[in-house]
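Please report on this model. Cover the ligand site, the charge pairing and the backbone geometry.

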Amino acid sequence: PVIYFVTPTYPRREQAPELIRLAHTLLHVPRIHWILANDYNACNAYLDGFLVKLGLPFTHLASPMPEFYRKKKPMPRGVANRRGAIQWIRQRNITNGILYFGDDDNTYDLRLFSEIRETQRVSMFPVGLIEEYSVSGPIVKKGKVVGFLDSWVAERRWPVDMAGFATNLAYLAEHSNASMPYKPGYEEDLFLRSIKLNLNIIEPKARNCTEILVWHTQTKTRERATLRISNKYLDDRSNLGGL
Ligand code: UGA
Ligand code: MN
């Protein structure tokens, strides 16, 4: 089956380098379709050109976060994007394939892709560099998932990271109420509830969840410097609008 690799992304200084790095991982993966869902109101030409040159099968979605949620604290990051991708898949009735939510800043071991390609319904595996414990993932006994380790369990039935599971599209299609609500911190849990997940059907991957094949890396960013440009060079301040 084809892996539908859904990547939420958004315009910022790090966007191009993050995507180039991710693209160079994906180029090593056979049978992949990259759904790049940008949090922006249009498909921009730079990303189009970048995706075309890459030569991978792709879909470029414009999936802006509704203004209402952008003002919220915390803000539901990447949700409009993933919803857009789910909608794109459903509208085309694609039931042969694997759905994986892969953020633009994570780090993926190539072995992850061979593992998730075997997903029958829902597979799970650990994610490295998550908060205090530095790992989030299922606890496996005798080949079965029996619980979860996560730094923030809260009231979640499925305390897992977005990068810690994959879903077979045939299984997704059996659940017409599948959705990812705009609820910061609960996106994974509510999505997995919406597809009626239960412990018995979870397929542990990555050697019974003892190996880490994906990391929640984050790019450190600095405050932007204030540009000091002497007024004598500026006849029109509006030239600085974008800075
Ligand atoms: C963590 C999890 O890894 C995410 O899967 C989860 O969506 C997120 O928390 C959350 O629920 O808030 P984190 O590293 O904290 O992610 O957040 P980002 O990597 O900044 O954002 C997650 C994804 O959403 C990224 O792919 C990012 O490009 C995208 N995003 C972020 C947007 O599309 N728009 C934004 O305004 C911010
Ligand atoms: Mn991230």
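## Ground rules

Helices (H or I, at least four residues) and strands (E, at least two) are DSSP runs, numbered from the N terminus. The model is predicted: local features need pLDDT of at least 70, side-chain atom pairs count only at pLDDT 80 or more, and totals for chains, interfaces and linings use all residues. Residues are numbered from 1 along each chain as its sequence is written, chains are lettered from A and ligands numbered from 1 in the order in which they are written, and side-chain values use heavy atoms, with hydrogens and water left out.

## The shell around ligand 1

Ligand 1 is surrounded by 18 residues (a heavy atom within 4 Å). Pro8, Asp39, Arg77, Asn81 and His216 are the closest. Strand S1 (3-9) supplies at least two residues of this shell, and so does helix H4 (79-91).

By class, the shell holds 8 charged residues (Asp, Glu, Lys and Arg), 5 nonpolar ones (Ala, Val, Leu, Ile, Met, Phe, Trp, Tyr, Cys and Pro) and 5 polar ones (the others, Gly among them).

## Polar contacts and cover

Polar contacts here are pairs of N or O atoms within 3.5 Å. A polar backbone atom of Pro8 is 2.7 Å from an oxygen atom of ligand 1. Asn81 places a polar side-chain atom at 2.9 Å. For His216, a side-chain N or O atom is 2.9 Å away. On its own, ligand 1 has 680 Å² of accessible area (Shrake-Rupley method, 1.4 Å probe), and the protein covers 88% of that.

## Salt bridges

The whole structure has 11 salt bridges (a side-chain nitrogen of Lys or Arg within 4 Å of a carboxyl oxygen of Asp or Glu). One of them joins Arg70 and Asp39, with the closest N and O atoms 2.8 Å apart. Arg70 lies in helix H3 (residues 67-70) and Asp39 in the loop between strand S2 (32-38) and helix H2 (45-54), so the pair ties together parts 31 residues apart in sequence.

## Backbone geometry

Lys73 and Pro74 are joined by a cis peptide bond, with omega about -10°. Pro74 sits in the loop between H3 and H4.

Lys142 is not a glycine, yet its phi is positive, about 50°. Lys142 belongs to the loop between strand S8 (135-141) and strand S9 (144-149).

Note on methods. A polar contact is a pair of N or O atoms within 3.5 Å; within protein, one must be able to donate a hydrogen and the other to accept it, and residues adjacent in sequence count only if both atoms are side-chain atoms.
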